[in-house]
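Please find below a colleague's note on the model under review. The sequence and structure are shown first.

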Amino acid sequence: EKKSLSWGFVAQEVQPIMPELVTTFIGQDDEEYFGLETHGVYTTLVRAIQELSAEIEILKAKVNA
């Protein structure tokens, strides 16, 4: 059986930074599981990239001045 490669986030690693995106629930086996709202993570990452790009453009302008 070939295992497929999967990429994603670990909810417990995201929780300290964006706790509002992490939910906990009890599974059928009475174990606690974590869920992650990945769309919120993606939106935040895109916004961070936009902000960094703007900062880079400002720094480039200062270097070229």
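The numbered points that follow treat the basis of the model, its overall form, and then selected local features.

1. Basis of the note. The model is predicted; local features need pLDDT of at least 70, side-chain atom pairs count only at pLDDT 80 or more, and totals for chains, interfaces and linings use all residues. Residues are numbered from 1 along each chain as its sequence is written, and side-chain values use heavy atoms, with hydrogens and water left out.

2. Secondary structure. The protein contains two helices and two strands, arranged along the sequence in the pattern α-β-β-α. With a radius of gyration of 19 Å, well over the 11 Å that the globule rule gives for 65 residues, the protein is more spread out than a compact globule. Helices (H or I, at least four residues) and strands (E, at least two) are DSSP runs, numbered from the N terminus. The radius of gyration is taken over C-alpha atoms, and the globule rule is 2.2 Å times the number of residues to the power 0.38.

3. Overall dimensions and contacts. The C-alpha trace spans about 65 × 35 × 15 Å along its principal axes. Among contacts (heavy atoms within 4.5 Å) with a separation of 6 or more, 24% are between residues 24 or more positions apart.

4. Burial and surface. Of the 65 residues, 14% count as buried. Here buried means under 20% relative accessible area, exposed means over 50%, and partly exposed lies in between (1.4 Å probe, protein chains only). The protein exposes about 6000 Å², of which carbon and sulfur atoms supply 57%. Accessible areas come from the Shrake-Rupley method with a 1.4 Å probe; for residues, only the protein chains shown count as cover.

5. The hairpin. Strand β1 (residues 22-26) pairs with strand β2 (residues 32-36) in the antiparallel sense, over five bridges. Pairing requires that DSSP find at least two bridges between the strands. The two strands form a hairpin with five residues between them. Phe-25 has Tyr-33 in β2 as its bridge partner, and Thr-23 has Gly-35.

6. The turn. Which residue of the turn has a positive phi? Asp-30 does, with a value of about 65 degrees; this residue is other than glycine. Asp-30 belongs to the loop between β1 and β2 and is exposed, at 64% relative accessible area.

7. Surroundings of Thr-23. This residue of strand β1 is partly exposed, with 47% relative accessibility. Leaving aside neighbours within four places in sequence, Thr-23 is in contact with Tyr-33, Phe-34 and Gly-35. The C-alpha atoms of Thr-23 and Leu-36 are separated by 6.4 Å, although the two residues are 13 apart along the chain.

8. Salt bridges. How many salt bridges does the structure hold? There are two, a salt bridge being a side-chain nitrogen of Lys or Arg within 4 Å of a carboxyl oxygen of Asp or Glu.

9. Glu-51 and Arg-47. The side chains of these residues meet in a salt bridge at 3.4 Å, N to O. Both residues lie in helix α2 (residues 38-64), four residues apart, which is about one turn of the helix. Glu-51 is partly exposed at 41% relative accessibility, and Arg-47 is partly exposed at 47%.

10. Glu-57 and Lys-60. A salt bridge also joins the side chains of Glu-57 and Lys-60, at 3.7 Å, N to O. These residues are three apart in helix α2, so about one helical turn separates them. Glu-57 is partly exposed, with a relative accessible area of 47%, and Lys-60 is partly exposed at 45%.

11. Nonpolar surface patch. Phe-9, Tyr-42 and Leu-45 make a nonpolar surface patch of about 280 Å². Patches are made of residues with over 30% relative accessible area and no salt bridge; like charges are joined within 9 Å, and nonpolar side chains (Val, Leu, Ile, Met, Phe, Trp, Tyr) within 5 Å. Phe-9 lies in the segment before α1 (11-14) and is partly exposed, with a relative accessible area of 38%.
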